[in-house]
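Q: Please go through the labels used for this fold and say what backs each one.

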Amino acid sequence: MTAAPGGKTTELSALSNNEAMITACEKNKIRLERLKYNIEKQGARVTVIEQDARKLDEYFSFDKILLDAPCSGSGTENIYEEKFSKELIAKSVKTQEELLKKAVQILKPNGELTYSTCSILKQENEGIINKILKTGKVEIIKIDPPKRSRPIASNNRRNFMH
């Protein structure tokens, strides 16, 4: 849902060795073209739908959904631009709630839903999640981070991987 520009979409395809049946949904025509370009450039096998994900027909159902929701961008360095406002936050929250509600509708029983934003605001993260949890239709599953066999970085330059 809201898949452009396609970085996460192509990564999911790569992680599955191009074997997963991935559907990417994007409503914005310009962003859709960027999504298609990146999918083609990466050689990913993805079906692209030009559609507002909030309006997807309930005919669709998915085992797993990644909702990287549009947000205020409060977790990025661009928050000091004039566009960042209370109105933007309110609009983002409304869109996030609608998208998450639709995601729950089209998620298959026992499916997995990942919700993410680049916001650091509670109303765009914990607030949204708490609302959907109250419906009783979803539950949070704890995910343990993978254990690394070696350090990510060290002070010995020869051991540092780029």
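Predicted model: local features only at pLDDT ≥ 70, side-chain atom pairs only at ≥ 80, totals over all residues.

Q: What makes asparagine 28 a cap on the N-terminal end of α2?
A: A side-chain oxygen of asparagine 28 lies 3.0 Å from the backbone nitrogen of isoleucine 30. The cut-off for a polar contact is 3.5 Å, so the pair counts.

Q: How do you know that the span of α2 agrees with its 14 residues?
A: At 1.5 Å a residue, α2 should span 20 Å. Its end C-alpha atoms are 20 Å apart, so the two values agree.

Q: Which residues of α2 are called buried, and on what cut-off?
A: Leu32, Leu35, Asn38 and Ile39 are buried. Each therefore has under 20% relative accessible area.

Q: Why are β1 and β2 called paired strands?
A: Pairing needs at least two bridges, and β1 (residues 22-26) and β2 (residues 46-50) have 5, so they pair. The sense is parallel. One of the bridges joins glutamate 26 to glutamate 50 in β2.

Q: What makes the β-α-β unit of β1, α2 and β2 right-handed?
A: With the strands pointing away from the viewer, the path from β1 over α2 to β2 runs clockwise, so the unit is right-handed.

Definitions and conventions. Residues numbered from 1 in each chain as written. Heavy atoms only, no water. Helix = DSSP H or I, 4+ residues; strand = E, 2+ residues; numbered from the N terminus. Expected span 1.5 Å × (residues − 1). Buried < 20%, exposed > 50% of the residue type's maximum accessible area, 1.4 Å probe, protein only. Polar contact = N/O pair within 3.5 Å; in protein donor to acceptor, adjacent residues only side chain to side chain.
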